[in-house]
Amino acid sequence: MASFTLHGIPVSRGIAIGRAHILAPAALDVKHYLVPQEQVEAEVQRLQKAIATVHKELQTIWNDLPKDSPAELGAFIDVHALILSDPMIAEVPLDIIRSRYYNAEWALVTQIDELSAQFDEIEDAYLRERKSDIQQVGERVLKVLTGTASTLPSNADGDESVGRMIVVAHDISPADMLQFKDRAFGGFVTDLGGQNSHTAIVARSLDIPAAVGMFNASALIQQDDWVIIDGDAGVVIVDPAPSVLEQYRERQAKLLRDRKKLGKLRKTPAITRDGTPITLLANIELPDDCPGALEAGAMGVGLFRSEFLFMGRTGYVNKLPSEDEQFESYRKAVVAMKGRPVTIRTLDIGADKPLDAAEQTALNPALGLRAIRFCLAEPQMFLAQLRAILRASAYGPIKLLIPMLAHAFEIDQSLAMIEQAKGQLRDAGKKFDPLIQVGAMIEIPAAALTLPLFVKRMDFLSIGTNDLIQYTLAIDRADHEVAHLYNPLHPAVLYLLSSTIAMGAKAGIPVSVCGEMAGDIKLTRLLLGMGLREFSMHPTQLLAVKQEILNSDLGAIAPHMKKILRAMEPSMIMSAVEQLRAEGNPA
């Protein structure tokens, strides 16, 4: 077989080499037939039994989670269990069987397709990719219905002569990932997915090389093919030539040596070679992520995404977490960080998100009622979250971060709501930090271009580079047809970044970056040269970024910055950024 190369989306750094194991999906093109009326209830019971079986499977997987498993795994399994209990999955397909006489498989797939179409309308890349959770849960049920559930071959001895297992799948769920925990597996390759897919998140938390968005990798790669994953480039090489294989084995060995050296930097302060201290923070989704952040040497939490508390809810009464439930989650994170600051972002979700898909009316959700717009339109919900965050501030330092602000009146209304929440807590006799810092996410070009409105009103700023790039370039990087146009080094993006950092510094307002750019070591020196002194990223990226900082000299970086920021040609910018990094590396 001739060697060939596939290109996808890099989501987890490193190199993996091994033999392909193809994880076949349940066929969604199931048999369609009508059930005689007298057999309808038997068909309903068949689907109910399959759903109950999957519930037991998920519970068993959750119970068997090793103590050192990443927190994300347990959380994602909980999400799948909630989806499975949702009436949209647990009840609507039963109604379809009873009303349309569809067989169980057809009824289930009909409903999955309907829900998937609703998720396709969601603007937010992270939440839109939760469509895959619906499909993965449906696949587990289908495999039980059709009797096609598969098991993996044993490779417990990890014999390198046969190669470590490289899992190749159309898509893969967190529960399926746990099948590999006792086997010598090296990485993941999937047809679907993006930077925010569960495969990507879990791969980063496990620190395992992965490449997603490969379109048809599962069809092109055959069982037991030799596969190389270059996680840094998002490249997969199938059936490589011996010379290529040897080259990547050498690179892999060097990466392992370098990674061991990084472990020694955990307690080393992040200070540039010319003596400038840099603050390194962690992005987290759950309070259980805090121990991993501390282990990586994080000086605090730069972004606590509160959306996880609101996802997987069903029914009007149970749709939103209570104030006490939110408070306990925030308090747990603050206590776990042992006095280090925790920045909590208020709900970045909206009418275009799956809190209630049936109520979707926005023609263009990207420009609709989302994030702070949604929160201001739902004041009681917003006040409950604000009170929960404020109450948690009595247990340690908290910074409150407001997403997607663009207008002065939105800032003023948000600050007024925070004061109202403080007043309610005072009346109730509950403690909180009256001087809690309030900051704004800069993720809309309009915000970056009208920064004086923000620096006059806010205590700090946090640049969300993912959304800023997407809104600036009108690119949805989760859309595979245009993802190649997503470019953090576009001159317009660099202008907005540099001007925001510079204006914040001039006003004496702390500015951090909490998007993917903060954790990309290829861009660390670029951001340092712009004046950034606070980076927030996934904990697994912290030590590599710290090493880059320790090897950087701001005096040597400065002469390059004018050239980079004045350049318009992409090739010139890329070349200058590469030169910036190369010249700073010690011999």
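**Close-up views of a predicted model**

**View 1. I564 and the residues around it.** Setting aside neighbours within four places in sequence, I564 is in contact with L494, L526, I573, A576, V577 and L580; here, contact means heavy atoms within 4.5 Å. Apart from it lies another core, of 31 residues, which includes V54, I89, I134 and L145. A nonpolar core is a set of buried Ala, Val, Leu, Ile, Met, Phe, Trp, Tyr and Cys residues joined through side-chain atoms within 4.5 Å. Buried means under 20% relative accessible area, exposed over 50%, and partly exposed in between, with a 1.4 Å probe and protein chains only. Please keep in mind that this is a predicted model, in which local features need pLDDT of at least 70, side-chain atom pairs count only at pLDDT 80 or more, and totals for chains, interfaces and linings use all residues. Residues are numbered from 1 along each chain as its sequence is written, and side-chain values use heavy atoms, with hydrogens and water left out.

**View 2. The largest nonpolar core.** This core has 96 residues, and those with the most contacts inside it are L280, F454, L461, L526, F535 and I564. Helix α15 (residues 379-392) gives the most to this core, contributing eight residues. As a general background, nonpolar side chains in soluble globular proteins tend to be buried together.

**View 3. The whole chain.** Stepping back, we find 24 helices and 16 strands in the protein chain. Helices (H or I, at least four residues) and strands (E, at least two) are DSSP runs, numbered from the N terminus. Of the 587 residues of the chain, 55% count as buried. Among contacts with a separation of 6 or more, 70% are accounted for by residues 24 or more positions apart. The accessible surface of the chain comes to about 25200 Å², and 54% of it belongs to carbon and sulfur atoms; such areas come from the Shrake-Rupley method with a 1.4 Å probe, and for residues only the protein chains shown count as cover.

View 4. The mean pLDDT of the protein chain is 85, with 84% of its residues at 70 or more; pLDDT is the predictor's confidence in each residue, from 0 to 100. Over residues 154-162 the pLDDT is below 50, and this stretch has twelve contacts in the model beyond near neighbours in sequence. Residues 313-318 also have pLDDT below 50, with nine contacts in the model beyond near neighbours in sequence.

**View 5. Helix α1, from end to end.** At 1.5 Å a residue, the 24 residues of helix α1 (residues 40-63) should span 34 Å, and its end C-alpha atoms are 35 Å apart, which agrees. The expected span is 1.5 Å times one less than the number of residues in the helix. Along α1, the residues V40, E43, V44, L47, A50, I51, V54, L58 and I61 are buried.

**View 6. Helix α5, a largely enclosed helix.** Helix α5 (residues 104-119) has 16 residues and reaches 23 Å from its first C-alpha to its last, close to the 22 Å expected at 1.5 Å a residue. Twelve of the 16 residues of α5 are buried, so this helix is largely enclosed by the rest of the structure. Among the buried ones are W106, Q111, L115 and F119.

**View 7. Strands β9 and β16, side by side.** Strand β9 (residues 279-284) pairs with β16 in the parallel sense over four bridges; two strands pair if DSSP finds at least two bridges between them.

**View 8. Strand β12 and its two partners.** All five residues of β12 (residues 398-402) are buried: I398, L400 and I402 lie on one side, with K399 and L401 on the other. β11 (residues 342-345) pairs with β12 in the parallel sense over four bridges, and V342 has I398 as its bridge partner. Four bridges also join β12 to β13, and these two strands run parallel; here the bridge partner of K399 is Q437.

View 9. I444 is found in the loop between β13 (437-442) and α17 (445-449) and is buried, with a relative accessible area of 11%. Not counting residues up to four places away in sequence, I444 touches R373, M404, L405, A406 and L468. P488 is found in the loop between α19 (465-473) and α20 (491-507). The C-alpha atoms of P488 and M517 are separated by 7.5 Å, although these residues are 29 apart along the chain.
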